[in-house]
Each structure stands twice: as structure tokens, then as C-alpha cells.
Amino acid sequence: MSIKEIEETIVEEFGYYDDWMGKYEFIIELGKSLPLIAEKYKTEENIIKGCQSRVWLHAEAEGDKIVFTADSDAIITKGLISLLIRVLSHQTPDEIINADLRFIDRIGLKEHLSPTRSNGLVSMIKQMKLYALALKTKML
Amino acid sequence: MTTVAQHKIVLDVEHIRKDFPILSRKVNGKHLVYFDNAATSQKPQPVIDATNKYYSFENANIHRGVHTLSQEATSAYEVVREKVRAFINADKSYEIIFTKGTTDSINLVASTFGRTHVGEGDEVLISAMEHHSNIVPWQMLCEEKKAKLKVIPINENGELLMDEYKKLLSSKTKIVAVAHISNSLGTINPVKEIIALAHEKNIPVLIDGAQAIHHEKVDVQYLNCDFYVFSAHKMYGPTGVGVLYGKEELLNAMPPYQGGGDMIKTVTFEKTTYNELPHKFEAGTPNIAGGIAFGAAIDYINSLGVENISAYEHELTSYALQQLNNVPGIKFIGKAKERASVISFLLDNIHPYDAGVILDKMGIAVRTGHHCTQPLMDRFRIPGTVRASFSFYNTKEEVDTLVKGLHKVIDMFK
């Protein structure tokens, strides 16, 4: 599926919840259920420090696609990470670089992407795009 | 604190809350419960009005003009210096230096007193519970001067180890800089004793009073501190205004901090002579409106009485500690015997950020994270805490709302 298609699916899924509590319970479930990164990649080098929570991010090339794995010590952050990975992982570098990720706003969670939140998510997206750019250069 | 606890509480909190317009607003559809007072306090109407009135009818630059507006603004601003002097019982009003805030005050002392008194191999002594603003300026100074930053350790309850402190005081120690009250733990440090012990060895002491000035009666002559620093915004005043109190003798011996207008006596291209205290340390046009509004904040505190505020906050904190103690899985970080209205805690293995996000959805404003005290969080081996900090406008009902909120958080994450 393309990034746009996955985004649409997520927006649809969140459409089932009309209050904040349902949405957050869903995000918490996502955060709880997934092992998102291999333990060996939870290194100091892969850490993105936010003031509030920490995020680990690892990227590698698989053919012409990039596979991301990530984790966080906060469950809500981890839930949001799982959404970002669902959208951006297994996509080509160009698609990742050009993704505008508007779905986060559409599901009513853009507050988490405010740079002042310092939960590491903004830096994580930036880092994902940088990885895409770096791997794209390698692939050429 | 026992005398404070016995003080008869005379605050009419319901009435007081009406003075703070922000307290009646809703957040995420819920009545705001503001428990982030250690970060900044809310502002009462008289402070807001003073700012408005200054810009509407009184605005002029100070200390230079002969015209009426400038004279009026100058005296309105200088009256506040006298109010601050009285508030902390300093000996002279020119011992009150206006700054941008606590951080600015500490940087001023580190850059002037520090640069002239700390040399290679010397030591600066701080404590394990300092805010970054009372760590980093000293660290920068020590790096520049090849001096050493020494740290007074704490126990598991978050209290300073005074025996260790005594051992750390030496002829190499050039200044001691310690918080009056910890912003993360609420610990009230025995500052009078800390100062007396340092003075036995002729070491000057700076007290970071940012968390104490609005909760306790502070008397700088009684404490005999050499420097006392604090911010207006934590005492119901505006942001961008702070105070450095320093003993006259020390301030006179210190070189100026920043150069510019107002801090000079004469300027030629060959040589500048500096102004007298306090202007020597106040280069450039200050935050005049902020200063005047700060005066209104001090008047407001005085109208309630610091002792009354202290007694009420003490009772509210005891109530909160009792109620929070019944929340399953709660672990308090900081259990000092002498404590102020700051409570830091963790809920089982729920990350503070997760708790903070859900509480916010319920209109409850708490602080989560490391509270600008990373070394302290490392000391307790935790990523951060949830911190609730109270003020005199908070109520027991609000504490109950927080407790309910925490039950909800536990429900959602279990």
C-alpha cells in the first residue's frame, strides 16, 4: 500500500472513536502490543532524546525500500511511533522524504507533534527522513 | 514548619480565586486544575491591571528624562526596589539588583564574582538537587577557570547530607550555591546552617530562592546570605523580571556584568567609569512594565500575608500527601521532613509523560519530566517524575480531582 492509502486506513480506524478517551485507549493498546525494535538496536547511538520521553530508531535498506524499527519508554509515544512506522516503513526513500503525514492532524493528535512537546517524535520524523535521504544516496 | 502549621489559617480562598481570571477557564472542556505552580504561578488582576495601566498611561523610559512622564515612571519603578528590599528585609535598597530572572541573577554572579574570585584548582560547591540554572553557569565558570565543581550529596529522602557538606568545605571553596527549596523534591534546605558553616571558613553563599520566596518568609539579614536570587513570575508577578540581592560590600567589589546605557557614569573612547549600585549591574532599558507589575504582585502577597500563605499551603500539601498515599502503586520521590508544597511521584511503571498526557485531557496541569534537574533524576535512577505543586489559590477539591485523575490513568495503562 502507498503512504496515502495507509494514512486513509488509519484515519478510518480512528473514525470509530468520537472521544479522546477511546482514541487514547487505542493508542495505548498499539503501544503495548508491539515489539517495535530488536533489543540490540536500543543503543545510545540510536537514541533520540526528548525532554519528556526517549525514542530509539533504527533503519535499514531492504531492496529499494527502507525498514524502520523504533521504541520509546513512554507508551503513548510508542503507540504513535507504531502508527508512523506503519505509514513510513517498507516505503521507498522518495516516498518517505515527501510524506507530509497529515493523518496525525486528521486523527486529532497533532498536539503530540508540536516541537514544544519534546517527546522525541518530531526529532524522530526528522531522523526517519534523514535516514531515507542517506539510504537513497547509497542506493543510487 | 511546626510554627507555620499552628498558624491560624485566615485565607478566604474562594474569594481569592476570583482575583485570578485564568482559574475560571476550561481546558479540554474541563475546569482547569492548575498544579504547575513551581514552574510559574498565575497572575492576579492587580498585576494584570498594573501592566495595562503602565502601557496605557505611564509609559516612558526611566532614569534619564526630565519630562514628567519619565520622572513618574522612574519613581514608580524605583518604589518597587524599595518594596523588594522591605519584602526580604535587605539593609539597603541599592542591594536589590533587577535582572531578567533567577537564571540571569546566577549568571551575573558567576560571571562577575565568579570570574574574579575563582581560579585554577579552586572549587565551587553546589548540591545534588540543584536546578540546571544553578549548575550550568558554575560549570561554565569552572571549565573556563580550570576549577572544580563539587556536589553536596543527598540521602534517599532527598535531604542534604550535612556531614558531607562540612567535609566538602575547604580553603579551595570559593563559593557555595544552594537552593533554598528544591523544585523537584520540595525539600526545604537548612540554609541558615549552610550559610553559617560556610562563613566559618569565610566562604560566601548564594541561595537560589526561586521556589522559596513566595512560600516562606525570607529575611536575608537573618539568613546572613551573601546573595539571594529569585524570579517575579513564580510570585504571581510577570515573567522577565528577577532579583539579585547581594551584600553591598560584595556588589561594590564585583566588576560590571554587561556594558551599555544606565550602567555608566562617564564614557569616553579611552575610558568608561561605572555607575554606582544598583545601576552598575543594570545596563540598558529594563523591563519597566514588568518591574512595576512586580510591585503589584508584592503588594498582593503582602495583603494576604506570607505567613497565611505558608500555613494554607502547608495544610493543603499535608492533605494532598494523605490522599495521594491511597493511590495504588504511588511512589513519592522526595520525602524530606521539611518540605514545601511540591510533590513528586511515580505511578508503578507508568511513564510520567503518559500520566501527564492523560491528566491534561482531564484539565489537570501537572509537570512531567526531569524538571531541569537531570543529575537529580539520575541519582534516583528514574527518567523523571510527575510533579504537582500547589499555591494558595488551590483547593482540597482540586486535590481530589487529581486523585480521581490518577485512578483513571492507572485504569488506562494497566
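In which loop of chain B is P278(B) found? In this predicted model, P278(B) belongs to the loop of chain B that runs between β12 (272-274) and α11 (288-304). The peptide bond leading from L277(B) into P278(B) is cis, its omega being near -5 degrees. Most residues other than glycine have a negative phi, and most peptide bonds are trans.

Positive phi values were also found in chain B at residues that are not glycine. N224(B) has a phi of about 65 degrees and is placed in the loop between α9 (220-223) and β9 (227-231) of chain B; with a relative accessibility of 34%, N224(B) counts as partly exposed. For R381(B), phi is near 55 degrees, and the residue is placed in the loop of chain B between α14 (374-379) and β17. R381(B) is exposed, its relative accessible area being 66%.

At the level of domains, chain B is divided into domain 1, which comprises residues 2-36 and 305-413, and domain 2, which comprises residues 48-302. The C-alpha centres of these two domains of chain B are 28 Å apart, and the contact between them takes 37 residues from domain 1 and 29 residues from domain 2.

Aromatic contacts were examined over the whole structure, and the search found 16 aromatic pairs over all chains. One of these is the pair of F20(B) and Y393(B), which is tilted, with 4.7 Å from centre to centre and 55 degrees between the planes. F20(B) lies in the loop between α2 (13-17) and β1 (26-27) of chain B, whereas Y393(B) lies in the loop between β17 (385-389) and α15 (396-413) of chain B, and the pair therefore ties together parts that are 373 residues apart in sequence. Both F20(B) and Y393(B) are buried. A further pair, formed by Y54(B) and Y55(B), is edge-to-face, with 5.3 Å between the centres and 65 degrees between the planes. Y54(B) is buried, with a relative accessible area of 1%, whereas Y55(B) counts as exposed at a relative accessibility of 54%. Ring pairs also link F20(B) and Y393(B) with Y236(B), Y300(B) and F392(B) into a cluster.

Charged side chains placed over aromatic rings were found in both chain A and chain B. In chain A, K42(A) lies over the face of W56(A), at 4.6 Å from the ring centre. In chain B, the charged end of K396(B) sits over the ring of Y319(B), at 5.2 Å from the centre of that ring.

The packing of helices was examined in chain A. Two packed helices are described by the angle between their axes and the distance between the axes. Helix α1 (residues 3-14) of chain A packs against helix α3 (residues 75-88) of chain A at an angle of about 145 degrees, and the two axes are 8 Å apart. On the side of α1(A), the contact is made by I3(A), I6(A), E7(A), T9(A), I10(A), E13(A) and F14(A), and on the side of α3(A) by L83(A), R86(A), V87(A) and L88(A). Classified by residue type, this contact of α1(A) with α3(A) has 7 nonpolar, 1 polar and 3 charged residues.

Terms used: Residues are numbered from 1 along each chain as its sequence is written. Chains are lettered from A and ligands numbered from 1 in the order in which they are written. This is a predicted model: local features need pLDDT of at least 70, side-chain atom pairs count only at pLDDT 80 or more; totals for chains, interfaces and linings use all residues. Side-chain values use heavy atoms; hydrogens and water are left out. Axes are lines fitted to C-alpha atoms, for helices over the stretch in contact, and angles run from 0 to 180 degrees between N-to-C directions. Helices (H or I, at least four residues) and strands (E, at least two) are DSSP runs, numbered from the N terminus. Contact means heavy atoms within 4.5 Å. Ala, Val, Leu, Ile, Met, Phe, Trp, Tyr, Cys and Pro count as nonpolar, Asp, Glu, Lys and Arg as charged, and the others, Gly among them, as polar. Rings of Phe, Tyr and Trp (its six-membered ring) pair if their centres lie within 6.5 Å; planes under 30 degrees apart count as stacked, over 60 as edge-to-face and the rest as tilted. Buried means under 20% relative accessible area, exposed over 50%, partly exposed in between (1.4 Å probe, protein chains only). A charge sits over a ring if NZ of Lys or CZ of Arg is within 6 Å of the ring centre and within 35 degrees of the ring normal. Domain bounds come from an automatic or database domain assignment.
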